[in-house]
Amino acid sequence: MRRADGELQTALVTGACSGIGLELARQLAQLGYALVLVSNRPAELQQVAGELAKAHGVKTHALPMDLARPEAARELYEAVSSRGLEVDILAVNAGLFFFGEVADADPVKALALLQVHVVTASLLCVYFGRQLRARRKGHVLITSSISAWRDFPGIAFYGASKRYLRSFAASLRSELRVWGVNVTCLAPGATATALYDASVVPVGLARRVGVMMEASQVARAGLEALFRRKAVVIPGLLSGVMAFLASLTPQWVVDLIRRRAPWLPKP
Ligand SMILES: NC(=O)c1ccc[n+]([C@@H]2O[C@H](COP(=O)([O-])OP(=O)(O)OC[C@H]3O[C@@H](n4cnc5c(N)ncnc54)[C@H](OP(=O)(O)O)[C@@H]3O)[C@@H](O)[C@H]2O)c1
């Protein structure tokens, strides 16, 4: 993979402690980018920052932060600015997931998901987007999901927020491209990461039989698309087919599955 551009120096990755975010950070470090790493577990984040700095000889900054707090985006921007850093690549990647119908949802979890996926993600693009636009260069990578390709009862908070991110990325792309700033939407399908509760989703088995991708493959596809200034990338043939089929499946089929699924509550 080739760097975006020789002048671009620093990448900020949210959700950098694990999964796709960790792989984005690792691959950006391999390309020589200094890193600002954000997630909510200070000790693990510090360890990741230390390992990547040592392995790739780049500067890393660990900024532990709960991105579910309403003021997180502003505080993160201020923390980055106070270190004298300017972000060239913003990877808005942090996310969380839970199964369950809306009427059964834990309001605290639902609020955290909406804050991280919708509020903080959008406001990070306000603060850093303003700076990228003023400097007339740089990239934004927004992690959505193939679940953005239709309505998903049973994961409504997750699916609807990822639809929002897909749409937001497309609008932001139009707004920023005239200023020389690229925005790419990364829409992974099932990927073997800690996003899923391993007691509910057999991640290890799914990875072995090839229905879940590796986080490293997803990150690579995301960065290659970013550097080619593509609008959207769905990594992997299977995920592309799933997104296509999901978009074509009539709602009555989904409702039928919902009525028959043994794990869902019945009236
Ligand atoms: N895995 C999949 O099948 C799949 C498919 C489509 C899209 N995606 C998307 O890919 C992105 C990365 O997920 P992943 O699969 O790599 O899962 P993951 O390994 O669980 O990574 C999620 C990251 O988000 C961070 N995060 C969550 N809530 C946070 C909060 N309140 N404050 C700060 N950081 C927070 C986590 O940080 P901590 O270290 O603090 O926990 C973690 O580093 C997510 O947006 C997800 O929706 C994943």
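Modeller: Thr193 is buried, with a relative accessible area of 16%, where buried means under 20% relative accessible area, exposed over 50% and partly exposed in between, with a 1.4 Å probe and protein chains only. The model is predicted: local features need pLDDT of at least 70, side-chain atom pairs count only at pLDDT 80 or more, and totals for chains, interfaces and linings use all residues. Residues are numbered from 1 along each chain as its sequence is written, and side-chain values use heavy atoms, with hydrogens and water left out.

Thr193 sits in the loop between strand E6 (182-186) and helix H6 (203-208); helices (H or I, at least four residues) and strands (E, at least two) are DSSP runs numbered from the N terminus. Its C-alpha atom is separated by 7.5 Å from that of Ile20, although the two residues are 173 residues apart along the chain.

Thr193 also belongs to the ligand site. Of the 31 residues around the ligand, Thr193 is among those that come nearest, together with Asn40, Asn93, Tyr158 and Tyr196; a residue is near a molecule if one of its heavy atoms lies within 4 Å of it. A polar backbone atom of Ile20 is 2.8 Å from an oxygen atom of the ligand. For Asn93, a polar backbone atom is 2.7 Å from a ligand oxygen atom. Tyr158 contributes a polar side-chain atom, which lies 2.6 Å from an oxygen atom of the ligand. The protein buries 92% of the 880 Å² that the ligand exposes when taken alone, with accessible areas from the Shrake-Rupley method and a 1.4 Å probe. Helix H1 (19-30) and helix H5 (156-177) are the elements that give two or more residues to the shell around the ligand. By class, this shell has 15 nonpolar, 13 polar and three charged residues; Ala, Val, Leu, Ile, Met, Phe, Trp, Tyr, Cys and Pro count as nonpolar, Asp, Glu, Lys and Arg as charged, and the others, Gly among them, as polar.

On a 1 Å grid over the protein atoms alone, a cavity is a set of points where a 1.4 Å probe fits but cannot get out, a pocket is an open set with protein on both sides within 12 Å along at least five of seven lines, and lining residues have an atom within 4 Å of a point. The structure holds one cavity of 30 Å³ or more, and the largest cavity has a volume of about 40 Å³, a volume being the space filled by probe spheres set on the points. H4 supplies the largest share of this lining, four residues. The lining has six nonpolar, three polar and no charged residues.

Helix H4 (107-135) and H5 each supply at least two residues of the lining of the second largest pocket, to which H4 gives the most, with six residues. This pocket has a volume of about 170 Å³. Its lining includes Arg130, Arg133 and Glu175, and by class has six nonpolar, two polar and three charged residues.

Arg136 is found in the loop between H4 and strand E5 (139-143). Arg136 has a positive phi of about 55° although it is not a glycine, and at 53% relative accessibility it counts as exposed.

Notes
A polar contact is a pair of N or O atoms within 3.5 Å; within protein, one must be able to donate a hydrogen and the other to accept it, and residues adjacent in sequence count only if both atoms are side-chain atoms.
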